[in-house]
Amino acid sequence: MKLKAEQLTKIYGSGESRVTALDKATLEVNNNDFISIMGPSGSGKSTLLHLLSGLDRPTSGKLSYDGQDIYTFSDKKLSLFRRQRIGFIFQQFNLLPVLTARENIIMPLLLDHRQPDEAYLKKLSKLLDIDSRLSHLPSELSGGQQQRTAIARALIAQPDIIFADEPTGNLDSKNGGEVMDMLIDIWRELGKSLVIITHDSRIAGLAERQFVIVDGVLTEVNAK
């Protein structure tokens with residue numbers, strides 16, 4: 001899998017209210033890359049993630065996955081592409097409260113009328129240390145367990161790339177550290193590309209390639 005973003009720009013409003021949230025961002029993500037994008041609130045990092053993942057469309061610029069410009073897709077085709085090729089982890093866990101952990105995890109597959117690979121689900125839940133909690137409702141899980149359930153949901157369709165937007169933002173330092181350790185284990189063991197959006201320099205420093213974004217301008221600052 002190769003993601004290539006070229007000159008991505010996102011502008012909101014016009015005239016005096018015109019705001020350039022993202023200014024000609026260029027980025028390549030290759031198979032098994034681990035990338036962090038760090039910036040303060042309002043810097044454009046979430047806007048960039050939304051464009052890279054096909055959740056929003058740019059004002060100008062191009063984004064291709066394996067040579068396909070996904071912005072040329074219909075909304076239906078783009079939704080299917082996101083469900084099958086991209087995993088999302090957000091600061092908010094977004095678990096459905098009436099479903100068990102297992103049911104929350106497999107929900108993306110059920111939307112595509114697919115059955116889970118039970119062996120993969122078992123491997124994933126064990127790797128994330130929630131294998132004994134799959135029958136529990138979100139209200140019966142700790143914050144860390146809820147986020148790990150959300151991570152399993154992001155991975156259940158075996159996507160090529162994982163986007164994580166402030167994945168430890170709602171967790172204390174202990175649980176946040178555990179979640180980051182597990183994300184790194186997943187990146188190493190499952191061979192997924194991982195892109196983390198963060199304002200935390202400690203988290204950003206774990207990545208092999210590090211970017212900063214300020215006032216919508218993206219710059220690569222370090223590659224290990």
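1. Asp56 is partly exposed, with a relative accessible area of 27%; here buried means under 20% relative accessible area, exposed means over 50%, and partly exposed lies in between (1.4 Å probe, protein chains only). The model is a predicted one, in which local features need pLDDT of at least 70 and side-chain atom pairs count only at pLDDT 80 or more, while totals for chains, interfaces and linings use all residues. Residues are numbered from 1 along each chain as its sequence is written, and side-chain values use heavy atoms, with hydrogens and water left out.

2. Asp56 forms a salt bridge with Lys10, and the closest N and O atoms are 3.5 Å apart. A salt bridge is a side-chain nitrogen of Lys or Arg within 4 Å of a carboxyl oxygen of Asp or Glu. Side chains of opposite charge can pair when their charged atoms come close. Lys10 belongs to strand β1 (residues 3-12) and Asp56 to the loop between α1 (45-52) and β4 (60-65), so the pair ties together parts that are 46 residues apart in sequence. Helices (H or I, at least four residues) and strands (E, at least two) are DSSP runs, numbered from the N terminus. Lys10 is buried, with a relative accessible area of 11%.

3. Arg57 forms a salt bridge with Asp75, the closest N and O atoms being 3.2 Å apart. This pair links distant parts of the chain, since Asp75 is in helix α2 (residues 75-85) and Arg57 is in the loop between α1 and β4, 18 residues apart. Asp75 is exposed at a relative accessible area of 57%, whereas Arg57 counts as partly exposed at 28%.

4. Helix α2 also holds Arg83, whose partner Asp112 is in the loop between α3 (101-111) and α4 (118-127), 29 residues apart. The side chains of Arg83 and Asp112 meet in a salt bridge of 2.6 Å, N to O. Arg83 is partly exposed, with a relative accessible area of 31%, and Asp112 is buried, with 16%.

5. How many salt bridges does a search of the whole structure find? The search finds 14. Asp129, Arg148, Lys174 and Glu178 are linked in a network of salt bridges.

6. The next point concerns helix α6. This helix has 18 residues and reaches 25 Å from its first C-alpha to its last, close to the 26 Å expected at 1.5 Å a residue; the expected span is 1.5 Å times one less than the number of residues. At the N-terminal end, Asp172 caps α6, with a side-chain oxygen 3.2 Å from the backbone nitrogen of Lys174. A polar contact is a pair of N or O atoms within 3.5 Å; within protein, one must be able to donate a hydrogen and the other to accept it, and residues adjacent in sequence count only if both atoms are side-chain atoms. Just after α6, Gly191 takes a positive phi of about 70°.

7. Which residues in α6 are buried? Among them are Asn175, Gly176, Val179, Met180, Leu183 and Trp187. The cover over the buried residues of α6 includes β3, β6 (86-90), α4, α5 (143-155), β8 (193-198) and α7 (201-204).

8. A search of the whole structure finds four aromatic pairs. Rings of Phe, Tyr and Trp (its six-membered ring) pair if their centres lie within 6.5 Å; planes under 30 degrees apart count as stacked, over 60 as edge-to-face and the rest as tilted. Phe34 and Trp187 form a tilted pair, 5.1 Å centre to centre with 50° between the planes. Phe34 lies in strand β3 (residues 34-38) and Trp187 in helix α6 (residues 173-190), so the pair ties together parts that are 153 residues apart in sequence. Both Phe34 and Trp187 are buried.

9. Phe88 and Phe90 form a stacked aromatic pair, 5.9 Å centre to centre with 5° between the planes. Phe88 counts as buried at 18% relative accessibility, and Phe90 counts as partly exposed at 25%.

10. Tyr65, Phe73 and Phe81 form one aromatic cluster. The charged end of Lys77 sits over the ring of Phe73, 4.3 Å from its centre; this term requires NZ of Lys or CZ of Arg to be within 6 Å of the ring centre and within 35 degrees of the ring normal.

11. Ala25, in strand β2 (residues 19-29), is buried, with a relative accessible area of 1%. Not counting residues up to four places away in sequence, Ala25 touches Ala5, Glu6, Gln7, Leu8, Leu48 and Leu218, where contact means heavy atoms within 4.5 Å.
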